[in-house]
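Keep the sequence and the 3D view open as you go.

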Amino acid sequence: MSGSEEATDLDCPICLSRFNDPIILNCGRTMDRLCIQKFINRNRTLNPTAPIRCPVCTWEFNPEKPLISNKSLSKFIESKPIYEWFLIDISCAKEGINVLKFLKLVFIKRNITETNHITFETNDIEIEYNSNINFDEELQMKPFLNLNQALEKISTYSQQINGIKKICILSDGFTKHTNITKMDSNIFNQLFLIHVGDKYVERTRQLVNETNFQFGHFNEKKLEIYVQHFLTNFTERL
C-alpha cells in the first residue's frame with residue numbers, strides 16, 4: 001500500500017478522520033461506527049419516516065439492523081505501529097513548566113501499547129518514551145535553532161517506515177522562525193501545532209494557516225481542558 005493509499009484508506013468518509021471502530025454498510029461502504037450512528041440519529045430527528053441512505057452512495061439501508069464490524073480493517077489498524085514525534089520549541093521558563101505539566105497529564109491518562117514509538121525532541125535533546133520517564137529531569141525546554149531541519153529529518157525517516165505517523169509541535173511563539181515546512185499529508189496521518197501561553201498567538205496561527213498543521217492553543221488556566229481535547233483528537237489509536 002502506498003503512502004497516499006494508506007492515508008486515504010484509513011479515513012472515515014463522513015468525518016475524514018482515521019477510523020476508530022469501522023463498520024460495513026450493506027452497500028459495501030465502510031464508515032466509523034460513531035459517525036454513522038450520529039448520521040442515523042440526525043436523519044431520524046429531521047424526518048422520522050424517511051428512509052436512511054448511505055451518506056456516500058445513497059444506497060438505502062435498515063438502521064434497525066446491527067452495524068457489522070469491518071474486522072479485517074480493524075485488525076489492520078490494530079496491527080499498525082504508531083510513530084509519534086513531540087517537538088518542543090519553548091524559550092519561556094513559565095511555559096516550559098506548563099508544557100511539562102501537559103505532557104505528564106497526557107501520558108498519565110493515555111494507554112500506551114508496544115506498537116507506539118514516541119520521541120521527544122528539543123534543540124539538542126532526543127529521548128524515547130518509556131514508562132519510567134521523568135519529564136522534569138530528562139526533558140529540558142529549549143527552542144530549536146532550526147525547527148525545519150528537525151521536521152525534514154523526521155520526514156526523511158518516515159518515508160522509510162510503515163505505520164501511522166504523527167507530529168506534535170509545542171511552541172510558545174514563532175518569533176524566531178520565519179516559516180514552517182509543509183509536511184506531506186500522504187506520509188503523515190496527523191500534524192498538530194500547539195501554542196502554549198498567550199503571547200504571539202496570532203503569529204503562530206498565521207504560520208499554521210500556511211501549512212497543513214492543525215492549530216491548537218492552551219494557557220495555564222485551560223491546560224487540563226485542552227489535555228482532554230488532545231487525547232480525543234491526537235493520541236487515540238486511529
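**Exercise 1.** Find out whether Glu202 is buried or exposed, then describe its salt bridge.

*Step 1.* Glu202 has 54% relative accessibility and counts as exposed; buried means under 20% relative accessible area, exposed over 50%, and partly exposed in between (1.4 Å probe, protein chains only).

*Step 2.* The salt-bridge partner of Glu202 is Arg205, with the closest N and O atoms 3.5 Å apart. A salt bridge is a side-chain nitrogen of Lys or Arg within 4 Å of a carboxyl oxygen of Asp or Glu.

*Step 3.* Arg205, at 32% relative accessibility, is partly exposed. Both residues sit in helix α7 (residues 201-209), three residues apart, about one turn of the helix. Helices (H or I, at least four residues) and strands (E, at least two) are DSSP runs, numbered from the N terminus.

**Before you go on.** This is a predicted model, in which local features need pLDDT of at least 70, side-chain atom pairs count only at pLDDT 80 or more, and totals for chains, interfaces and linings use all residues. Residues are numbered from 1 along each chain as its sequence is written, and side-chain values use heavy atoms, with hydrogens and water left out.

**Exercise 2.** Work out how many salt bridges the whole structure has, and look at one that links distant parts of the chain.

*Step 1.* The search of the whole structure gives nine salt bridges.

*Step 2.* One of them joins the side chains of Glu84 and Arg110 (3.0 Å, N to O). Glu84 belongs to strand β6 (residues 82-89), while Arg110 is in the loop between α4 (93-109) and β7 (116-121), 26 residues apart.

*Step 3.* Both Glu84 and Arg110 are buried.

**Exercise 3.** Describe how Lys153 and Glu121 meet, and how accessible each one is.

*Step 1.* Their side chains form a salt bridge (3.1 Å, N to O). Lys153 is in helix α6 (residues 147-158) and Glu121 in strand β7, so this pair ties together parts 32 residues apart in sequence.

*Step 2.* Lys153 is partly exposed, at 41% relative accessible area, whereas Glu121 is buried at 7%.
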